[in-house]
Amino acid sequence: MSTTNPPLPEFDIDPRAFRTLADAQMGVELDTGDMILNLGPQHPATHGTLRLVVRLDGERVIAADPVIGYMHRGYEKLVEFRTYPQITTLINRIDWLSSFANEVPFIDAAEKLMGVEAPPRAQYIRTILTELSRISTFVLFLGEMGLQVGALTPAFYGFRDREHVVNLIEAVTGGRFHPNFNRVGGLKDDLPWGWVNETRTVLKKIYDACDTFEDLVAGNEIFHARTKGVGIIPPEIGAAYGVSGSNLRASGVDWDLRRDGAPYLVYRDLDFKVWTHPDGDSFARYWVRLQETRESCRMVLQLLDALPSGPIMAKVPRIIKVPEGEVWTEVENPLGQMGYYVFSKGATGPFRVKIRSASFSNVSILPWLLRGVFVPDVITILASLYFILGDIDR
Amino acid sequence: MKKPKLPGVIGGLGITFKTMLKPAVTVQYPHEREDPPTRARGVIALKEENCTVCMLCARSCPDWCIYIEGHKEKRPPRREGGRDRTVSVLDRFDIDYALCMYCGICVEVCPFDALFWSPEFEYAESNIAKLLHDKRKLGEWMETVPEPEPLEIGAEVKGKKK
Amino acid sequence: MSALSFAVDIGWGTTLAIKTLVILMIVPATALILGYTFLLKMMSHMQSRLGPMDPGGFHGWFQLVGDGMKFMQKEDIMPAEADRRVFAMAPMVVVVSTFLIFLVIPAGPDIVVKNLNVGVFYALAVSSLSVIGVLMAGWASANKFSLLGALRAAAQLIAYELPLLLAIVGVVIQASTMNLQGIVGAQSTGSIFGFDGLGNPYILTQFVGFALFMIAAQAELTQTPFDMPVAESELVAGYMVEYSGFRFLFFFIGEFGTAFAFAAIAATIFLGGWALPASWGLSVGLMRFVGPAVLFAKIMFVAFLMFWVRFTYPRLREDQLQALAWKVLIPIGLLNIVATAILKVAM
């Protein structure tokens, strides 16, 4: 169920061999020297059903092996038998915390194949909702990383402040977690009356919430002691493993697909800053996401001021039949770089879709990263990488 | 030169203390209720007189949770000297809410506006079989369907000349 | 209690029985009060939510009582490979050590179970017994997570005994006695630079000791920021993870009862205990009624500080925790003792 890469040369024992050993030792045997510990798949710190088999010497990790696949739902097989609107419904559930952002690259790919372009108002609203999803998932991250290092209160603040954003998304799309709002050629519906003013109020609250998190968590000396210097990802190693998004930017790599990749949505018209941090440790990843939340608030304000009027849907036939062709789109999802490779044979549904999810590659660095750290640091590192199981396993 | 700040540990204590003094944000359901927005996807309602048993909704459901059965009936012509008409009559229209993903494709796809969204969400049952709503129950949900709300400034209003 | 023997002459056996019964009833009651006020209500409001509201009608006061009843009627589950007798005895050891601390805490002029002359020393000694209970629990659970938790706990609890002791020694030097009633009396009748309106609560002169005691007590109770043994998001209750039902209830009572006991000791030796300043001229008879209420108020204040810190901070890692104890707190404690001794002799 895990990766099929050849064993890394740094290990003195094949990770697959000691994973089998761990399975056999699922009972109560204790090695006198090293101890094999199963973190998960049911564990509060692993964000879902990630199983991490670690080999411990006292409290130090000698080797770690993530075992994924406990939440595999077979997306790439499911979409082979569904039409484009049905697939839009399903792919919401890959990264469920920022679900609007999952739909966008897929719809973008279908529109590219059809040669249809969504009208400008639809593009702006798509960008606004993507950034709102980014804000909602990052606010939750700011809270729950505090929880993983032991502070109970920030998690509740994270959920409380996220409610406002989620209510906004519900007012537009009808769904809090699964908007299912994109359609090939535009959006399903337009904004309800008064939504723009409501959004401005909510953004102010989120801005204040970021200050709360900065004082309560990021400014706390105990938090510094737990996260500074822990889990340092050097930029070359991170890039080699495919780590992307805020994790890579926290190692100092100035790369953001919204600014540097192929143009999508209206990011080229926006004026925004890409935040990086030179350290590459867990604190840097927290700090970068904190700044990115604030930056997203500013971006949404710009977008609201510049929102054009007009139609919300381009002229597309009732039954969407995408002509033959293949296309690859990649976007900056909140979790990292997400991509869809759509191969169409002219039917009402795609022939094959390959989903490149950000968390899959983010988690692949764990065997390298977790060598020599303490068990509490394992939890801190897992929290700071911020992966979602639905994104890893699809 | 920044003015000296309190150590972060003290600032954190201040934040929790201040939050303790403010009122809590909990809405005590079921004593108090917070109404969902108008567009919230709570339950699907069926307007039976509009349905022509075209089966588009059942076909486009990603979960195949809509069960439709109908039959054709002959009706007398509308005017003198006309042909006999054939009308599709709905026998059975069930939505299985245990399977429904609340995606809304059926509502969107219906060409005759027979399906509507309603923000009603309090229909949980202790027996899964009762989550299969038949057409009588779906017709009852029609009373809870709200009026469509006005759209934001700048939206294109269909049918009106600019 | 001598108040009783004043009114009616009962034998020592009956007195012993009454005292035992009172202690056995008070400790769970204090655990309940502390648990409800701070864990359920204060923590909830700090997290912008309400906590239990329905049980019992008025703001959910019945929640913990109901929880206790629920625990009592649960099935007694023991892991198959667990060491049965050690597994069963571990919560008992922890709870017994809690009960024993309450023996020396005075609540009034003569309301104390046993006014030992080495009261403070005795309280510290019996509070260390819980370490054994924790180790027993962790080992007997036959679970690697419990073992990790128990090992962390043992190292932490032993390390933080010393700052606790050093903080108290400062007070003992200043009061010249280890008897808790004597310490209360010294604070009540003392004066600050000649002004005796407030007595002489030792928190003013022993503020370093107070800070040390609070930090060390936080660590002894394995509360955040020192709750590595019970790290909820890592080990999921650490050494207590295999315990359910009434065995878990004992651990719970032990934890909150000990919190109450430590808060009581802090209130007694730093804030003046049950006594109001002697210059206010309140009669002994009146203090027999007002004393417990005054002590309760001071305990609630100290407990508020402890729980406030618990709900705000993240937790320290094991090695950082140990470094804090050995490299920072113990030197400060020793300096505090030296300074206190010098000033005591000089003035």
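These entries record what I looked up on the chain contact and the salt bridges of a predicted model.

**Entry 1: the interface.** I began with the contact between the two chains, to which chain B gives 32 residues and chain A 40 residues. I noted a buried area of about 2,900 Å², with 53% of it from carbon and sulfur atoms. On the side of chain B, R39(B), R41(B) and E152(B) lose the most area to chain A, together 24% of what that side buries.

**Entry 2: polar pairs across the interface.** I found 14 residue pairs in polar contact between chain B and chain A. The elements of chain B that give two or more residues to this side are α1 (8–21), α2 (56–60) and α3 (105–109). I recorded α1(B) as giving the most, with six residues. By class, the residues on this side are 19 nonpolar, six polar and seven charged. I then looked for salt bridges between the chains and found one; E108(B) pairs with R183(A), with 2.5 Å between the closest N and O atoms.

**Entry 3: salt bridges in the whole structure.** The search over all chains returned 36. I examined E76(A) and R394(A), which meet at 3.3 Å, N to O. E76(A) lies in helix α2 (residues 75–78) of chain A and R394(A) in the segment after α16 (389–393), 318 residues apart. Both count as buried, E76(A) at 18% relative accessible area and R394(A) at 12%.

**Entry 4: a pair within one helix.** E131(A) and R134(A) form a salt bridge at 3.3 Å. They are separated by about one helical turn because they are three residues apart in helix α5 (residues 120–148) of chain A. I noted that E131(A) is buried at 0% and R134(A) at 1%. Both belong to a salt-bridge network that also includes R249(A) and D256(A).

Key: Residues numbered from 1 in each chain as written. Chains lettered and ligands numbered in written order. Predicted model: local features only at pLDDT ≥ 70, side-chain atom pairs only at ≥ 80, totals over all residues. Heavy atoms only, no water. Contact = heavy atoms within 4.5 Å. Buried area = accessible area lost by both parts, 1.4 Å probe. Salt bridge = Lys/Arg side-chain N within 4 Å of Asp/Glu carboxyl O. Polar contact = N/O pair within 3.5 Å; in protein donor to acceptor, adjacent residues only side chain to side chain. Helix = DSSP H or I, 4+ residues; strand = E, 2+ residues; numbered from the N terminus. Nonpolar A, V, L, I, M, F, W, Y, C, P; charged D, E, K, R; others polar. Buried < 20%, exposed > 50% of the residue type's maximum accessible area, 1.4 Å probe, protein only.
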